[in-house]
Amino acid sequence: MRFQVVILAAGKGKRMNSDLPKVLHPLAGKPLLAHVVTTARELAAERICVVHGHGGELVRAAVTGDDLVFALQEPQLGTGHALQQALPQLSPAPLTLVLYGDVPLVRADTLRGLLAAAGRGIAILTAELADPGGYGRILRNKAKRVTGIVEQKDATAAQRRIREINTGIMVLPTAKLKQWLPKLRNKNAQGEYYLTDVVALAEKDRVPVTGVVAADAGETEGVNSRVQLAQLERLHQKRQAARLLEAGVTLADPARFDQRGTLGCGRDVAIDVNCVFEGAVELADGVSIGANCVLKDVVIGPGTRIEPFCHLDGARIGAGCRIGPYARIRPGTQLAAEVHIGNFVEVKASEMGD
């Protein structure tokens, strides 16, 4: 299946109260936008176009690669206007998947299902929320086919009671998209060009529109404030903790665990509370990590015990070692088997034998 991805990432994020573009705020140690780009690459997209606006130079520097192209949206006049700016960058791929730089947790498997559902028409990812306030509502006919999307500010009282909402993520036929975008109008409460208006244009052209309800509404949540960013951080960490628990890792408290990179664990690994893992960390069989440790880019051999309050960065630790408590192991350190590093000891760029 040939397709491309357009990531809308032009918003300033006024509610973040920050000089940093919203899509560059970190979640699990990397920018929100980087999570979305990673997912697009996991899907093997033919091309990825990032539409940026505020802080464009920073955005372009944060995500790089030969598969990336960029389009500038200035001023920002809505999602439909953003896609119009991306038009010159679109490839001949039959399908275009629209993602958002501030919706970082959507799963690749969910998007694969959405792409499969599109066929030659449109597929929209929807979610059912107990409180749908603020979101555009999905309109369906008696046959349950999607007939339109109405934004909250333009919705009637009856339409606002609908719980199925538009996540904004959709798959569109590229050739038709190029025809529809110039027809968008901004006659609405916001005075913006809504991408969602292509649904009505698709109805006129008898192009089928399919709504796919996300199995987990949490993966469709976006970030508009620091509060929402913190909520998504915990949701992401909860997912990571669940994966480790299923793999047999002991977590003293899954709610007090932070993985900000990749973490590989052997059998019978135990991790105490308030530990942070950054970069690429590998823990072999039987490794024990005490409370309040920070590990970054380290490899730890089997049976080693890291006592509480240790900081390890850029090191390789052998089997059966005991480190700390309160030890600092700095980059370039290599410890062989059964080395003991005591309280308040700092080691840098050193090699120690068995």
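I began with the largest nonpolar core of this predicted model. It holds 64 residues, and L97, I169 and L195 touch the most other members.

Next I looked up L195. I left aside its neighbours within four places in sequence and listed what L195 contacts. The contacts are T79, G80, L83, V98, Y100, M170, L172, L177 and L181.

I turned to helix α4, residues 108-118, and asked which of its residues are buried. I found A108, T110, L111, L114, L115 and A118 buried. These residues sit on the same side of α4, because they cover an arc of only 155° around the axis. An α-helix has 3.6 residues a turn, so residues three or four places apart point the same way. On the other side of α4 I found D109 and A116 exposed.

I also checked what covers the buried residues of α4. The cover includes strands β1, β6 (95-100), β7 (122-128), β10 (164-173) and β11 (209-213), along with helix α1 (32-42). Just after α4 comes G119, with a positive phi of about 60°.

Last, I looked at α1 itself. I asked how many of the 11 residues of α1 are buried. Eight are, and α1 is mostly covered. I listed the buried ones as L32, L33, A34, H35, V36, V37, T39 and A40. A44 follows α1, and its phi is positive, near 65°.

Conventions:
Residues numbered from 1 in each chain as written. Predicted model: local features only at pLDDT ≥ 70, side-chain atom pairs only at ≥ 80, totals over all residues. Heavy atoms only, no water. Core = buried A, V, L, I, M, F, W, Y, C linked by side-chain atoms within 4.5 Å. Buried < 20%, exposed > 50% of the residue type's maximum accessible area, 1.4 Å probe, protein only. Contact = heavy atoms within 4.5 Å. Helix = DSSP H or I, 4+ residues; strand = E, 2+ residues; numbered from the N terminus. Arc of directions from axis to C-beta.
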